[in-house]
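Open the model in your viewer and keep the selection tool ready. Each stop below says what to select and what is there.

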Amino acid sequence: REIISRLMKYEHILGTHDLLIHDYGPGRCIASSHAEVPADADLLDVHDMIDHIEREMKQKHGIDTVIHMDPIVNDQRTMELREKVAALAREIDPEITIHDFRMTAGPRHTNLLFDMVVPYAHKKQEAKVKEEMERLVKGMSERYFPVILVEYSYVEGTRRS
């Protein structure tokens, strides 16, 4: 939680997910995480910020850290649709979250691509949960075609409100 909280303090970090920490004994801790950043931000500025965070994690906490940047479009239309999809996920289970949300519009349909993190307790029901989410998304519009990757949470992800 401390690592996630630290990441979320930086201006260009909109959300985090997929935090993994490997502890190989004293002084041998490695962490990796994905950080959602604005797709329209200056790539060099964001990369510099990520490098700074990785160095800070090593200096202050002794953790070798690798942060993967996930650029996301955060215009009003995309963010409103993302929140609607997130609300549908919470209808299935309040603990379900989504990340890496993006849209690709075509002449006949619009793909809504996202990862859905479900509680580990749902593992045996993955197909059912995914099918229910697909049904709910398609219920918003017949043009929407959901492309969903189901993941299971190790650590709770966060997103800036």
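Which backbone oxygen does the side chain of Lys-130 reach? Select Lys-130 and look: the backbone oxygen of Ile-148, at 3.3 Å. Bear in mind that this is a predicted model.

Stay on Lys-130. Its place is in helix 4, residues 126-140. Lys-130 is partly exposed, with a relative accessible area of 27%. Leaving aside residues up to four places away in sequence, show what Lys-130 touches: Met-116, Ile-148 and Val-150. Ile-13 and Lys-130 are 117 residues apart in sequence, and their C-alpha atoms are 28 Å apart in space.

Now select all of helix 4. Its 15 residues should span 21 Å at 1.5 Å a residue, and the end C-alpha atoms are 22 Å apart, which agrees.

Colour the buried residues of helix 4: Val-129, Met-133, Leu-136 and Val-137. They cover an arc of only 95° around the axis, so they sit on the same side of helix 4. An α-helix has 3.6 residues a turn, so residues three or four places apart point the same way.

Turn to the other side of helix 4. Here Ala-127, Lys-128, Glu-131, Arg-135 and Gly-139 are exposed.

What covers the buried residues of helix 4? Show helix 3 (76-92), strand 5 (110-118) and strand 6 (144-152), which are among the covering elements.

Last stop: Asp-100, in strand 4 (residues 97-105). Asp-100 is buried yet has no salt bridge. The nearest side chain of opposite charge is Arg-102, 5.2 Å away. Beyond residues up to four places away in sequence, Asp-100 touches His-17, Glu-36, Asp-70, Leu-113, Phe-114 and Asp-115.

Key: Residues numbered from 1 in each chain as written. Predicted model: local features only at pLDDT ≥ 70, side-chain atom pairs only at ≥ 80, totals over all residues. Heavy atoms only, no water. Helix = DSSP H or I, 4+ residues; strand = E, 2+ residues; numbered from the N terminus. Buried < 20%, exposed > 50% of the residue type's maximum accessible area, 1.4 Å probe, protein only. Contact = heavy atoms within 4.5 Å. Polar contact = N/O pair within 3.5 Å; in protein donor to acceptor, adjacent residues only side chain to side chain. Lys, Arg positive; Asp, Glu negative; His and termini not counted. Salt bridge = Lys/Arg side-chain N within 4 Å of Asp/Glu carboxyl O. Expected span 1.5 Å × (residues − 1). Arc of directions from axis to C-beta.
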